[in-house]
Amino acid sequence: MLLLLPVLLPVIGGVFVFRQKSEQAREHLALALILGTAVLALVVCLLPEQRLDLLTIQSGLRLALRNDSLAKLFLVLVCCIWVPVLIFSFPYIRHAGGERSFMTVYTMTLGVLAGLAMAANFVTMYMFFEMMSLITVPMVLHNGTSAARRAGFKYLGYSVFGAGMALAGYFFIAYYMAAPDFAAGGAIDPVRAAQHRPLLLVIYCLMIVGFGAKAGMVPMQAWLPAAHPVAPAPASAVLSGVITKGGVLAVIRVTYYMFGVDFLQGSWPQYVLLTLALATVFVGSMLAYREKLLKRRLAYSTVSQVSYVLFGLLLLTPEGVQASLLQMVFHALAKDALFLGAGAIIFSTNYLRVDQLRGIGKRMPVTMMCFTLAALSLIGIPPMAGAVSKWYLVSAGLSAPLWGFGIAGLVVLIVSALLTAGYLLPIVTNGFFPGKQFIAERKEMGPQMTGPLIAFAAACLLLGLFPGGLIRWLSQLAGQLFG
Amino acid sequence: MEGILIACLVLLPMLASPAVYPLRRHSRAWRNHFVRTLPLIELACAAALILFPDAQLTLPGVCGLGLHFAAGSLRTLLVVTACFLWAMTGLNSPAYFAHAEGCNRYYCFWLLTQGALMGVFLAADLFTLFVFFEMMSFTSYVWVVQNETEEALRAGGTYLAVAVIGGMTLLVGLLLLQDLFGTLEISQLRALAEALPAERRTQLYVAGGCCLVGFGAKAGMFPLHIWLPKAHPVAPAPASALLSGILTKSGVFGVLIISRYLFWADLPWNTVVLALGVVTMVLGAVLAVFSIDLKRTLACSSMSQIGFILVGAAMQGYLSGENALAAWGTVLHMLNHSLIKLVLFVSAGVIYVSTHSLNLNDLRGWGRNKPWLKGVFFIGAASIAGVPGFSGYVSKTLLHESIVEYIHLLEHEGLSATAFQAVEWLFLISGGLTAAYMTKLFVAIFVSPRASGLHLGLREYMSRETSVALGLGAAALLGMGLTPGFTMEPLAERAGTFLMADHGHAVHYFTWVNLKGACISLAIGAAVYLLVIRRLLMRRAGSEMEYLDRWPAWLDLENLVYRPVLRGLAFVGAFCARVVSSAGDLMVLIGEKILFTRAPGIFVPKHDENFGIYARKPRRSIVGDTFSFDLMLAGGGLILLLLYLLL
């Protein structure tokens, strides 16, 4: 029963957040709810693995939750991001307006994400996936302009269509499943599946492309650069840091918990999807390099970086999974720091374009210091965290049985790292070294905004220096998937 | 104990670096004491490290793969040299920055870089080396842009771009090596490389090539030298001394490791290194002869000297079993060049603080009445030019001897040695050019008549600490140069073991055979100075001789090749990326075109754009018009289908 609490508490509590009269009370209630959920989620993580049936629709089909190790990882990640971003969002949203709806939606989303993480079978996961898409639309629509509405519907359209593709796929494969639940190592019945292997491979490819839309994989990445610039900064931070990872989670579930490695290893969808992932890595970085709008640049960067994760996953080796989970965590931390930094800059100066940011480091040194650390992590400069995950990712690519893709991955990832340096470092260098004549008034943000930024930047540095514990945990997790 | 020493060397400066801010807030004097003392503590640690040639330190799990440090041999020599340079520039810096604003930032990154550089030199595996190499690249960027002038920012951009591209290429090389061997432990690489099956050698070459690019970029090797002549003149003088004196050596150190441990006597590899080394050596010298900027001349000179060192690295490979002379020459030239550049750049800093100019025309005759600076500068100049009796002569002789030895070896086997005779002549000519441009500098600043309107400046033109730093550097050069058998050879022998040098034999430096090379070089230098520099690069303007910048401004590898190529690549890449990324939107667009055939809401008659009518009221909501809405409906349909199937 405990498993249901982290889902229900924020979802039901969100209603009460909406009904609070005063701004202060809303903020306190949201903070209390999210902290409570975080504690509950941690409790769930400490519990031994267990299953909770919610509702039986038909004998084989039921909604169920289970706290397996992947769910635990995702829960911890979500909670570690949700709390600091909430604290950042208090002053930001007060400034931007629409505080009531934002707090409500923000609180409820956490519950939905907890449900998504703990879903024990495809139907449950699909349900929470669609709920996640729907409930985050108000965050994109937040400022209510025509551009925001367009972006919101683009986001919704791509997400729902993508998830629909995946659902259509499920209709086909349900017949071939040995059991409806997810099972580490694959739940497909090998004997039955062998008869219709070509069909199932097509289905697999379509399902991953569908869920890939959420993770920003080509060809359905277009919602990301549209939605991020219009959403308020904390919303962009969680969209980019966590919601895209929801797509990654779905990809992991489908690949490793439904089809299984044995079925997919060496098949053509693997190569097609690896190509798509690598293409996305390049496309995202390249477009980010050419982009002038700061938040859209960061959005393109997300397109590129999340596909690093997909690349690692689709290698179908334990090292690849471990590396891509590392990348998932480290990207979430770095990208959130970057988006919060961008938010602090917008809050303080209203500057949206990159060329306006000359001298910003003199104006807001703490913010930009955190921005710099996160940028270095994203590029992959040691001793920042990103360097570790990228090293493991490329090593996994090179040691995977598909050698050509290892080399291609190496080249694309390094080119992308160079482009990442090309689109992030000029912001930092122009920000801190604007030239002798530049005069800037120092105007740092308050602790509510710099605190979360410092936390994320410090996490990037500390996890880069001492990633040992995390790596062990993830390699254990990756080991389970390969039984 | 040894572990603590290594940890102290690497971590102490890094952890202590932020302390400059609170100390400066207390008072300037406290901060200055701090930046003078900390490098001296480091120097003491480095000196203590000499006692532990087998010191090791392992930090498992840090940065993912774990860090592994080791001391001894060449590593200890480089660490001691680096700490000496840091201590000396630490003495000099407060005087140099006495009137500068915002130098806390500089000091902070100055200390960070020291820790990182210690990490590079003490690395026992290539991963550790890479981690600290990248840190060093980024922290030293701050030195280059410290002055924040237009040129400094541009040079800083070039520096950072070369550093990032070099660093990433190096990363590719290391990842390929890791894939090949499963370990990056330097001491194991040689055995593993020799046991490598022939079909995987291609990967080894690719990996080695990537590492060469990465390390070469930092060393200032042609064609990646572009940052060097730009970054040095704009950086503060103590920073230039370190950039040129010791940071470039981290690149050389890497090239040496790769050459010795992966490609022991591999012919194609050594040919490439030799060719690049020769080009770097000659090009740097030619650029230096043409330059009329004091620090730019010294920077180009650094590039040329790195070329000498690279030639030495390649000769070690050619001579394989009998490489003692080449290895010693390489090691000693690294040491000499560091000390020489310390002396010369710090002198340049002293000159700059008084005159606020680096153009030779403004500096003419400034040093006529300054015997201490004149003497010190002369020792540095004579040493780098390879005048017998100064330390540079010894290392250059060793390098020259190694080429001659290989020519003998080839002739003995009856093979053609023309190519190496050409290398020998280029070596001597570059030595001659070195003498020529150093003469040019020395004559311009300390001998020629005073430029009109030049203020002599104060009598106290340099602080006591600076003169101590300069004096110590010059004394080391002179002392080592006069007693090569006592001082330099034992050093070289110890350091040579890292490069797997054999025992070698004592060289009699002051015999005619060896002096001949230096004499030829100096004769060439005199000829170049009198015939080229005085005739072509100087002009009589009234009663004074004027230095001319005859190097065509458009002839610049960076502006001519790299920037256009990178811009072109970015254009092509962006074009491809846009094509790929628009695939999804294209589908949506096609869908919109096919599914929505309704007329647009507004008509504009053809010949009258001022006139327009609304066919119908514009709709407030755009929801129904978007294709995304249709996609959403499709998704909704699928949900209904699911429900139908379930219930």
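Start by colouring chain B by secondary structure: you will find 23 helices and six strands, where helices (H or I, at least four residues) and strands (E, at least two) are DSSP runs numbered from the N terminus. This is a predicted model, in which local features need pLDDT of at least 70, side-chain atom pairs count only at pLDDT 80 or more, and totals for chains, interfaces and linings use all residues. Residues are numbered from 1 along each chain as its sequence is written, while chains are lettered from A and ligands numbered from 1 in the order in which they are written.

Next, show the C-alpha trace of chain B, which spans about 100 × 65 × 60 Å along its principal axes. Of the 647 residues in chain B, 53% are buried (20 or more other C-beta atoms within 10 Å of a residue's own; 12 or fewer is exposed, in between is partly exposed, with C-beta atoms placed from the backbone).

Now switch to chain A and colour by pLDDT, the predictor's confidence in each residue from 0 to 100. The mean for chain A is 90, and 100% of its residues reach 70 or more.

Setting aside neighbours within four places in sequence, its contacts are A334(A), A337(A), L338(A), G341(A), F456(A), A457(A) and C460(A); a contact means C-beta atoms, placed from the backbone, within 7 Å.

Where do chains A and B meet? Here 45 residues of chain B are in contact with 53 residues of chain A. On the chain B side, α6 (126–145), α7 (150–181), α22 (557–595) and α23 (627–646) each supply at least two residues.

For a last stop, select helix α17 (residues 391–412) of chain B. Its 22 residues should span 32 Å at 1.5 Å a residue, and the end C-alpha atoms are 32 Å apart, which agrees; the expected span is 1.5 Å times one less than the number of residues. Just after α17(B), click on G414(B) to find a positive phi of about 75°.

Terms used. Two residues are in contact if their C-beta atoms, placed from the backbone, lie within 7 Å.
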